[in-house]
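Here is a short report on one protein chain. Keep the sequence and the 3D view open while reading.

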Amino acid sequence: MQRIVIVGGGAGGLALATQLGKRLGKKGLAEITLVDAARTHVWKPLLHQLAAGSFDTHAEEIEYLAQARWNHFKFRLGRLVGLDRHTKTLQLAASHDEAGREITPAQELAYDTLVIAVGSQTNDFGTPGAAEHTIKLDSPQAAKRFNDRLINACIRAQTVPRSAGSGRLTVAIVGGGATGVELAAELHAAARVLANYGFDNIHPEKDLQIVLIEAAPRLLAQLPERLSESAMRELRKLAIEVHTNEKVVEVTEDSLKMASGKVISSSLTVWAAGVKAGDFLRTLGDGAPLETNKLNQLVVNGNLQSTLDPSIFAFGDCAACQQPDGTWVPPRAQAAYQQAMYLVQALPRLQRGEAVAPFVFKDQGSLVSLSEYSSVGSLMGSLTKGSFFIEGQLAKLMYWGLHKQHQLALGGWKKTVLITLSEMIDRAHRPRIKLH
């Protein structure tokens, strides 16, 4: 029986394991194993809401063990630290609890086909002080850590007399991409809610200052200019301070220094600029490492197979895939999802020695959520014959639909309907913001 091991339980990896489990694992045609260093999955586009505390993590987290049981695949807890391509085994590090006690020992896992989908991490470009004094919003753990610091900072600010003046708490966000823009709007909304829970000294505009810093000439530089203009207009309405064409060259405990000489004070700094794959991918392979690029991404061919080993596949943010027209697949959630669905069909055929057409990314547009205030986006495809700009309630509905599509891929219609009903009930009786 073919042993297919998928490393990485993000949106793409978990969707692939779920669909292969249903198609192959259920029928005994292959043994599907998912490996991840965490025990639960949270949809990455929701990290900005998790950081602001505006949704309940327990309602969103998917337990890997339960998902595996329901969808006919296995789950192994562990972090990938080594790979032997000759014996087709991978090494997993031991896992430990918060007290340092061992949960699982270091272990080896054999495979016939290996799929690497470990995603990406924030790239601070080696900026002095960034590693020590910023929170990188690239994992649920980091988002929860930011939320803890935010609530603690608000509690401290609450004790300062009102006469102390404005801007007692300043949150600086480095990076004006989708994550930075969405987090800025979500934090503003969160501050408004905090005032209803006893934080009456926290005023969204006067006492919480949100600063967004982008090195490019405009926000959302990778997206259509009209999206950037609309997002900028909405952020200005919220009195969020935006600095473009400003490159951060140093971060201290309470400030950021720009290449222009400007200095911005900050009580709490989030780094949301740039992405790269994990450094460990550069040396993965025990003396015969796989090909990587300067961002540590594994270089793959049109079938998402690594260039040096056809039994190893990679997709999502950790893979560099060139399309037939010479462009590269962008590191976006919709690309990872499309690649996962491609592999669901392609893996069984490739294992049978059949020819498979190369993967082609189909850009379906972009959506950016500005919390409860608005959403902006552009849709692309045959129906629109180009790019179609949307904003307001329609864009908010489309953004919500993306989340539901992710839930459908993992749980099907019945579970998605039940989850949606549960979300509606939670909103009726839970605080609108996480306070602990």
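The expected span of a helix is 1.5 Å times one less than its number of residues. Helix H1 covers residues 11-25, 15 residues in total. From first C-alpha to last, H1 reaches 19 Å, close to the 21 Å expected.

## The chain overall

This model is predicted. The protein chain holds ten helices and 28 strands. Of its 436 residues, 52% are buried.

Take the contacts between residues at least 6 apart in sequence: 63% of them join residues at least 24 apart. The accessible surface of the chain is about 20500 Å². Carbon and sulfur atoms account for 53% of that surface.

## H1 inside the structure

The buried residues include the run from Gly12 through Leu14, Ala15, Leu16 and Ala17. Thr18, Gln19, Leu20 and Gly21 are also buried, as are Leu24 and Gly25.

## H1 against H9

Two packed helices are described by the angle between their axes and the distance between the axes. H1 packs with helix H9, residues 333-351, at an angle of about 30°. Their axes lie 9 Å apart. Angles under 35 degrees count as roughly parallel, so H1 is roughly parallel to H9. The crossing is right-handed.

Which residues make the contact? H1 contributes Gly12, Ala15, Leu16, Gln19, Leu20, Arg23 and Leu24. H9 contributes Ala336, Ala340, Met341, Leu343, Val344, Gln345, Leu347 and Pro348.

Key. Residues are numbered from 1 along each chain as its sequence is written. This is a predicted model: local features need pLDDT of at least 70, side-chain atom pairs count only at pLDDT 80 or more; totals for chains, interfaces and linings use all residues. Side-chain values use heavy atoms; hydrogens and water are left out. Helices (H or I, at least four residues) and strands (E, at least two) are DSSP runs, numbered from the N terminus. Buried means under 20% relative accessible area, exposed over 50%, partly exposed in between (1.4 Å probe, protein chains only). Contact means heavy atoms within 4.5 Å. Accessible areas come from the Shrake-Rupley method with a 1.4 Å probe; for residues, only the protein chains shown count as cover. Axes are lines fitted to C-alpha atoms, for helices over the stretch in contact, and angles run from 0 to 180 degrees between N-to-C directions. Angles under 35 degrees count as roughly parallel, over 145 as roughly antiparallel, 65 to 115 as roughly perpendicular and the rest as oblique. A crossing is left-handed if the near helix is turned anticlockwise from the far one by less than a right angle, and right-handed if clockwise.
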